[in-house]
Number of protein chains: 2
Amino acid sequence: MPRREAARLLRRLGPIAVQSPKRGMPHNQYESTNHAVNSYRRFHWIPSVQHPLCGPTSSGGIYEGQRSANKACEVQKRTFGSAATQFQRNPAYSVLNSDDIAYFKSILGENGVVQDEDRVAVANVDWMGKYRGASQLVLLPKTTTEVSKILSYCNTKRLAVVPQGGNTGLVGGSVPVFDEVIVGLAGMNKIISFDNVNGILTCEAGCVLENLSTFVENEGFIMPLDLGAKGSCHIGGNISTNAGGLRFIRYGSLHGNVLGLEVVLADGTILDMLTTLRKDNTGYDLKHLFIGSEGSLGVVTKISVLTPAKLSSTNVAFLSCNDYTSCQKLLLAARRSLGEILSAFEFMDHHCIDLAMQHLEGVQNPLPASPYKFYVLVETTGSDESSDKTKLEAFLLRSMEDGLVADGVIAQDISQASNFWRIREGISEASVKVGAVYKYDLSITVEKLYDIVEEMRCRLGDNAEVLGYGHLGDGNLHLNIVSSKYDDNILAQIEPFVYEWTSAQRGSISAEHGLGLMKAEKIHYSKSPEAVQLMASIKKLLDPKSILNPYKVLPQSVL
Amino acid sequence: MPRREAARLLRRLGPIAVQSPKRGMPHNQYESTNHAVNSYRRFHWIPSVQHPLCGPTSSGGIYEGQRSANKACEVQKRTFGSAATQFQRNPAYSVLNSDDIAYFKSILGENGVVQDEDRVAVANVDWMGKYRGASQLVLLPKTTTEVSKILSYCNTKRLAVVPQGGNTGLVGGSVPVFDEVIVGLAGMNKIISFDNVNGILTCEAGCVLENLSTFVENEGFIMPLDLGAKGSCHIGGNISTNAGGLRFIRYGSLHGNVLGLEVVLADGTILDMLTTLRKDNTGYDLKHLFIGSEGSLGVVTKISVLTPAKLSSTNVAFLSCNDYTSCQKLLLAARRSLGEILSAFEFMDHHCIDLAMQHLEGVQNPLPASPYKFYVLVETTGSDESSDKTKLEAFLLRSMEDGLVADGVIAQDISQASNFWRIREGISEASVKVGAVYKYDLSITVEKLYDIVEEMRCRLGDNAEVLGYGHLGDGNLHLNIVSSKYDDNILAQIEPFVYEWTSAQRGSISAEHGLGLMKAEKIHYSKSPEAVQLMASIKKLLDPKSILNPYKVLPQSVL
């Protein structure tokens, strides 16, 4: 494309009318929040599940059948997805009795022991309404010592336990499978300290991510992670699931950002690893065992985390490419030219965009309707508004001249930037509106990442719509398969094919969602038998009576 | 300081004559190498210890007494430092016999089994000449299968083993204590693959860091770590010691950058965790157990690591501050104003500078001799020469106006930049020239970091010179205490005070050097009893016969 034409295209964007979704929508609503890095508003998905601490839920549909939770101790039928595997309750676990309740009341007081059916039912169900347990008890400790006493008692009595944070997980990891005691961390929500020279935050595990974000932003820093669920998820849950999210490409994994943890082990031992040091090579770095182990090795109670300095300038561009190869080359060019200011590189195929335009209210495609196959959202964050913008424009101009970008626009104001992000973040919401969604979260090398989308499209033909989008910069594909209603035949076409294909590419069947209940039995697609065996040995070492988050993460056969 | 005066000061630097040290100096030489990020030359310390693979050493002094290595199976007397602790050889370990040798020859061939006294002696001594073992055998496997066969055999026979990379460690972790079999990884030095879209390098553990640097630089990337010892150290050793180094402030810890590992366990099991995925949340992330465990849990044989894109522009400034508070405020200001381009923030007190000027050949202080108490080296690395330079100049101007910086210069060419770095990196070399050096590597919160230097100075009075310098941006102090000759009384004044003081601040007694033999018994100063106990349980789980790198990392009492 000639330089003049490229420059004309880049600049032609006028104001786009964006209708912000309203606060307080009953379900699947987007709440507009201040985006942490920049000053424009970005939309975050807020699950409608209320925490049991807040009293009975007032919302409707997804809790139907909640009263039956106490009746049958069996895994509820899943609507769809891999969680159809049935387990038997492990008879080695004790059944809760009145002595247990009396003990818990003696350490937590009346308010810390929740037996009210409605409130317990809320904690029994994940926010998608997909996984439902039958616990009769939620405990709400307020201190590490209380968590320690709870676990010590449960370990002695062999009562199974589910640690629960914001309950925003996607794989059934944060709700009971049968009658496990739920230990909710919402009462442990204090910020302990903030070192504003080094940007080191120390806080309790039950702090809501968004509250932490707001706090550190006021100090001139940002949290190293940002998620759609930030309005509900807890930092303890983020760490236990090794949450990825939107800042991963820039700030990397929690394994690099978490400095210290305090964890309570199954037997009640308090493991103090709560340093605030950037460097510490004294012995094995045990905290990493608890990052991403989904509450199955210990309950995270306190955290110290490195927060990067908040930078003043953010720019967002929305681009189209004619083929997947161009998307890849564009990513490489972005890494080279934007280097240190690149903060997001998200891609969507045109099926995603079509669906978003059809189902998302108040959203419009900033590019003219043309037969583009792929769309890319590029964000930069830096400390100098004018030089960052110049750099981004030069990069895009060059990419257009080189034919990598077919068309593109740079947001001229906050409203336009929000609209670009709304398209990317709204794909999941739009796909739910069609009917049933079969969701997969895969890590695959960038070169091969789109092959599975095309192969799946061939397999399924007209039976379902296949959407490919995700964090291209991290090699993380969100593969969503959408059909008007749930169909076992479609599932059989998808699984185990999708896992086998990913395994053959040495990919991961769970890039960021974890295994939970949904994929515990599928771990062998991504991990070697020797590695799974060692995981099982470590589980047995740390939790010999297997009271912590049973039936999840690891296959039952190795435990 | 008025703006005009500040601007005048910043620009006044003319060319400085820098005399580059010559290649091929016999000991403590600096070899000039291409610095990875930028095009100027930086000097790296190259230990003169030759690897046993290369045949007998030709260098002199430090090997005196090497022939006696086989005579007595006891810990050699240390010249100084904490390693004076004496151990008894664990009698449970077998003594090497001719059947063992025959077996090793059957799997490795004649060339893979080194018994030549001179060559074995080289591998028995660390590069400082401070730790010396009495092994009779060096094995040089070339494949993972060979490593597996070696360990499986040694585990069955209960022969103790020391894995050895480039042998550049500072705490006696890479040489035998008694007659352990040395397993050298130098023969496993192949680059396996490089993904030049995502910058992911996969290679064998015996690759020399500098060779990897050169390789990825040719592809437009850099290694996420850079060390003085890069010309000798192996990537496998870097991972096993969780090496920090000069790029830590920018790219963070290896826990964030290593994507996958292949490790051979004590019983010969090959643990394949060699993915090249940025995200993978399938089960416990076991690789972190082996990062920083100093070869005591397994032998790292292959690595995949994320390499950042190489950026084109580097600037270096050399500044002085009147007090330590100004250094801290300057760090905060640098994080804010330089943000994404800040790549080093190193500090030195004036004692360091005086010593460097006195003992380093061809080095001069770019600032006029004035009674400044502290010096700071700031480096930026970015993708745009002119905007980076503008940003750095604006930051320095503001810092001078605010009185944080007393005086300062920005390097105008490669030679000046090299001179600045030479001062910082030459402190260690300069202090060795005085006589005995008592070296400590501490992590302390930035606010308190210089207090220990001042307290130590008070304690020691005229008996020794106390130097404080290090990676201020990472809260990492290198505390060097220098006296004309080794003196037990001085050591008694330093230890255990330095450890107790650091412990009271919740600091780390080993920020980046590890524990090795030197500090294995000191771990309780930085880790809780519960944490040490869990480390011991993990050691017993992975290496029940304790054949891997015995006497190191953990105290004997817990094993």
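**Group meeting: a predicted two-chain model**

I'll start with one residue. Setting aside its neighbours within four places in sequence, B:N257 is in contact (heavy atoms within 4.5 Å) with B:P224, B:Y251, B:G252, B:V305 and B:L306. B:N257 sits in helix α8 of chain B, residues 254–257. Helices here are DSSP runs of H or I with at least four residues, strands are runs of E with at least two, and both are numbered from the N terminus. B:N257 counts as buried because its relative accessibility is 8%. Buried means under 20% relative accessible area, exposed means over 50%, and partly exposed is in between, with a 1.4 Å probe and protein chains only.

Some ground rules. This is a predicted model, where local features need pLDDT of at least 70, side-chain atom pairs count only at pLDDT 80 or more, and totals for chains, interfaces and linings use all residues. Residues are numbered from 1 along each chain as its sequence is written, chains are lettered from A and ligands numbered from 1 in the order in which they are written, and side-chain values use heavy atoms, with hydrogens and water left out.

Now chain A as a whole. Chain A has 17 helices and 18 strands. Of its 559 residues, 67% are buried. Take the contacts in chain A between residues at least 6 apart in sequence: 75% of them join residues at least 24 apart. An unreviewed UniProt entry lists residues 131–310 of chain A as "domain: FAD-binding PCMH-type". UniProt positions are given in the numbering used here, feature names are shortened, and annotations may be inferred rather than shown by experiment. That span is 23% helix and 22% strand, and its end C-alpha atoms lie 38 Å apart.

Next, the interface. How many residues of chain A are in contact with chain B? There are 91, and they meet 90 residues of chain B. The size of an interface is often given as the accessible area lost when the parts come together. Chain A and chain B bury about 7100 Å² between them, 56% of it on carbon and sulfur atoms. In chain A, the residues that lose the most area to chain B are A:K279, A:N281 and A:Y284, together 15% of what that side buries. Buried area here is the accessible area (1.4 Å probe) that two parts lose on being put together, summed over both.

The rule finds 10 salt bridges across the interface of chain A and chain B. A salt bridge is a side-chain nitrogen of Lys or Arg within 4 Å of a carboxyl oxygen of Asp or Glu. One pairs A:D474 with B:R278, with the closest N and O atoms 3.8 Å apart. A:R278, A:K279, B:D474 and B:E512 are linked in a network of salt bridges.

Which element gives the largest share of the side of chain A that touches chain B? That is α17(A), with nine residues.

Over all chains, the count comes to 38 salt bridges. Within chain B, B:D179 pairs with B:R89, the closest N and O atoms being 3.0 Å apart. B:D179 lies in the loop between β5 (161–164) and β6 (181–184) and B:R89 in the loop between β2 (41–45) and α2 (98–108) of chain B, so the pair ties together parts that are 90 residues apart in sequence. B:D179 and B:R89 are both buried.

Another salt bridge joins the side chains of B:K230 and B:D226, at 3.3 Å from N to O. B:K230 counts as buried because its relative accessibility is 1%, and B:D226 because its value is 0%.

Staying in chain B, helix α16 (residues 497–504) has buried residues B:F497, B:V498, B:Y499, B:W501 and B:T502. What covers them includes β16 (436–443), α14 (451–460), β18 (476–483) and α15 (488–494) of chain B. Just after α16(B), B:R506 takes a positive phi of about 55°.

Last, a serine in chain A. Where is A:S296 found? A:S296 is in the loop between α9 and β11 (299–306) of chain A. Is A:S296 buried or exposed? A:S296 counts as buried, because its relative accessibility is 1%. Beyond its neighbours within four places in sequence, A:S296 is in contact with A:K539, A:D543, A:L548, A:N549, A:V553 and, from chain B, B:Y284. A:S296 and A:V162 are 134 residues apart in sequence and 8.6 Å apart in space, C-alpha to C-alpha.
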